[in-house]
Amino acid sequence: MPLDKQHTRLGFALSTRWGQTLEGNFPRYDGVVHVLPDGRHQVTLHMYTADVQIGDHTRYAQWARGSAFFDAEKWPEVVFVSYPYDSAVLKGGGQLEGELVIRGIRRPETLTVTPEPCARPGVDCDVVLSGEVRRSDYDMDGFRLALSDKVQFLLRARVQVPEREPKP
């Protein structure tokens, strides 16, 4: 099932050493949730770095796309592939583990799933995931004096549910 691009938002936040928070997002991405033969699910996300935005700050966005951060020219996407998970984690909350690739560096990372009260999380309401990574783990060492090493990811996602064909 592909992600619903009308409702899904993939973002991140950086803190400056002066207490300012810079909020960024990936306006262009591809994502799909696979239902595996054993009934578990697996999500794959491709977030395109050449399109990263940081609020209304054109200069910050250009910096984020540049060689000191995502290096979009050399590394055009950030990829997250979850390990197989039981869909119950979407309703009850918990951990979603997987592998994150930034700048060609693959590392295991964990996202926290916020419990959702609706009947079908990801369809009737957003699935909200958050996680924190260290820039230095991915060779994103530019502007160390100005930015914290931590990057907070925040994802709000829904899937596209296929239209049911009317019964004859």
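**Figure 1. Lys5 and Asp30 are joined by a salt bridge with an N-to-O distance of 3.4 Å.** A salt bridge is counted where a side-chain nitrogen of Lys or Arg is within 4 Å of a carboxyl oxygen of Asp or Glu. Lys5 belongs to the segment before S1 and Asp30 to strand S3 (residues 29-35), so this contact ties together parts that are 25 residues apart in sequence. Strands (E, at least two residues) and helices (H or I, at least four) are DSSP runs, numbered from the N terminus. Lys5 is partly exposed at 43% relative accessible area, and Asp30 is partly exposed at 37%. Here buried means under 20% relative accessible area, exposed over 50%, and partly exposed in between (1.4 Å probe, protein chains only). The model is predicted: local features need pLDDT of at least 70, side-chain atom pairs count only at pLDDT 80 or more, and totals for chains, interfaces and linings use all residues. Residues are numbered from 1 along each chain as its sequence is written, and side-chain values use heavy atoms, with hydrogens and water left out.

**Figure 2. Charged side chains sit over the rings of Tyr29 and Tyr48.** The charged end of Lys5 is 4.9 Å from the centre of the Tyr29 ring. Arg28 lies over the face of Tyr48, 4.2 Å from the ring centre. A charge sits over a ring if NZ of Lys or CZ of Arg is within 6 Å of the ring centre and within 35 degrees of the ring normal.

**Figure 3. A salt bridge connects Lys150 and Glu132.** The closest N and O atoms are 4.0 Å apart. Lys150 lies in strand S10 (residues 147-157) and Glu132 in strand S9 (residues 127-134), so the pair ties together parts that are 18 residues apart in sequence. Lys150 is partly exposed at 46%, as is Glu132 at 44%.

**Figure 4. Arg107, Arg134, Asp137 and Asp149 form a network of salt bridges.** The structure holds eleven salt bridges.

**Figure 5. Phe12 and Phe70 form an edge-to-face aromatic pair.** Their ring centres are 5.7 Å apart, with 85° between the planes. Rings of Phe, Tyr and Trp (its six-membered ring) pair if their centres lie within 6.5 Å; planes under 30 degrees apart count as stacked, over 60 as edge-to-face and the rest as tilted. Phe12 is buried at 3% relative accessibility, and Phe70 is buried at 3%.
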